[in-house]
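Have a look at the sequence and the model first, then read on.

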Amino acid sequence: MNKLLTTVLLFISILGQAQVTQRNILIKKYSLEDVKKTLIPKNEYKPYPKTSEEWQAAVPDSVLKQIVKAGEALLDLKFEAISATTSLDFVRSGDRERHGKLSYSKRIALTDLILAESVENKGRFTEAIMNGVWSICEESYWGVPAHIKGLPDVENPVVDLFSAETAAVLGMADYFVGEKLDKINKLLRKRIYYETNKRIFEPMLTKSDNYSWMSKTKSVNNWNPWIMSNWISATLLLEKDEKRRAEMIYGTMLGTDLYLNGLGEDGGCDEGPSYWFAAGASVFDCLELFSKATNDKINIYEEPLIQKMASYIYKTHIDGYYFVNFADADPKLRPDGLMLYRFGKALKDEKMTQMGQWAFKNFVTASINSGGYHRPRKVENFLSIKQINENAGKYIPVNDAWFSDIQVLTARANNGFFMATHGGHNAESHNHNDVGDFMLYANGEPVIIDAGRGNYTARTFSAQRYELWFTQSQYHNLPIINGLGQKVGREFEATNVKSNISDKEATLIMDITNAYDKNAGIVSWNRTVKLNRVKNIVELTDDYNLSQKPTSLEQVFMTICTIDTSLEGKITLKTPKNQLVTLQYDPKVWSVSTDLPSTEGMEYVSFKTKWDNRPVQRIILTNKNLAQKAKNSFTFGF
């Protein structure tokens, strides 16, 4: 196998090993012939406005003015070439940011210019668009060096997230301003198709089986639907051969099925909510495009798995911009309300529709700003603004949820406590070694946290990944046993996992023995995480048995709160808004210390600001008794 392709497989397949169910929802329901019969021909496919009048009818005037203003700011932009030196940053230093800022900004700028010209329709932006198109077509590689380890082999194009994103942007250029580019020089659109065909269409038609994100036997992560959605968009807007166009759309249906096949029966996303917007939401992008391109003849919104996959996002919502953030997920995100609103409407999911309305009201820019990815989605968002119904009903977050497939439980209490915990295994996508971890929020404020991930660098997706503290169980709310933490791999998992949700409690019981290094000497370690809704407290209980008396035993709690340990048996945690939450422990058994995980080095810089400039701290309870067998409890309350 080509070395570049091998590198891609290493970088994106962070040990994901979940079982695959051959549902094949799309291709069992629709054949290639069905696609050929129902697909709207390219010359009749008009998914978006193309004239000023059409834009004015579809999008609020205030938003159209913002679109034009964004383009005006870029009229004199020089689209900078990407040097070999910049492309080699990742190999030489592990840095991804210099290349990323240059590459991403070019695509963002081109999109803004394209939309500004389409909205205004006066020809002011076409020269800048031409330069952007030409600059991007001149690049040797449309993706990022982290996915190929440096310089590209131009004879063997590799499809990654951002090469697919680029194809969609160029498809938008052809659709919105293609005729104007023809007036400058007819070679421009010819170049757009040539480069997209060489870099995306041909590789996807001839060697897609080589990519791990197209695996038929292992679950695939967000790369799959993210790439599929952009491949669909580029195909619909650029491919003139109707037979080939239909074949590629059918190929994207096959690809989308692969992602759906890897989901569990509850539709849980083991990558976390922030990645759901690139995974489950990208599935919606695919389904929306399938429906739009076939006059709704291809439609699987009624499938229970799609409905469950969608519900994940509101079932993991804590409050405001906080979401449950196990693995590499970020703790804070500003959800795209317009996309959620459309998805909810398509599914007839009232809760999701209400969440979309709420999110758009509170985080407007998340839906219509010019940055970020998923650009065809942003165009659909513009067209959705006038459709949103402010009377859809008040959004009220769900009280509790249980995802048996990823073993995640979420629950609320009447006093404002929100608890999330999980079992799972240590080979999840974007994995952290965190089997048995939990988090606690109080009235929307973080108390006990999952610290989240640091900055992505070469080490993040390498054999050195678990040298980074934020991936280690020693920096999660877990025990350290005989100085040892959990290990990475599918076999390191929770067993005997049982959930119980009622009006009185929400509890997860699990044996986390197998998640640890065998040298830790664990015979059994049964952990119970309970939200007691009667007493409005959270109770953590570890009932363990070791093969011999331990040399050391510690329990870690991660927090951004101000920590007061002045009273024995009671740790007081003060939130940013001065709520006081107490952690009670047995002072005869435990002594208390704290430390600050590192924020130095390129992998850790984001921890300086990630939690509103508050430092992540580690509370370490050190066991004084060192019993071979014991049952220890900790209680959190106001």
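Helices (H or I, at least four residues) and strands (E, at least two) are DSSP runs, numbered from the N terminus. This is a predicted model, in which local features need pLDDT of at least 70, side-chain atom pairs count only at pLDDT 80 or more, and totals for chains, interfaces and linings use all residues. Residues are numbered from 1 along each chain as its sequence is written, and side-chain values use heavy atoms, with hydrogens and water left out.

**Two loop residues**

- Glutamine 407 sits in the loop between strand S3 (400-403) and strand S4 (408-412).
- Though not a glycine, glutamine 407 has a positive phi of about 55°.
- Glutamine 407 counts as buried because its relative accessibility is 18% (buried means under 20% relative accessible area, exposed over 50%, partly exposed in between, with a 1.4 Å probe and protein chains only).
- Aspartate 612 isn't a glycine either, and it has a positive phi of about 55°.
- You'll find aspartate 612 in the loop between strand S19 (590-595) and strand S20 (617-623).
- With 38% relative accessibility, aspartate 612 counts as partly exposed.

**A pair of helices**

- Helix H5 (residues 61-72) packs with helix H8 (residues 97-120) at an angle of about 125°, and their axes are 8 Å apart (axes are lines fitted to C-alpha atoms, for helices over the stretch in contact, and angles run from 0 to 180 degrees between N-to-C directions).
- On the H5 side, Leu64, Ile67, Val68, Ala70 and Gly71 meet Asp112, Leu113, Leu115, Ala116, Val119 and Glu120 in H8 (contact means heavy atoms within 4.5 Å).
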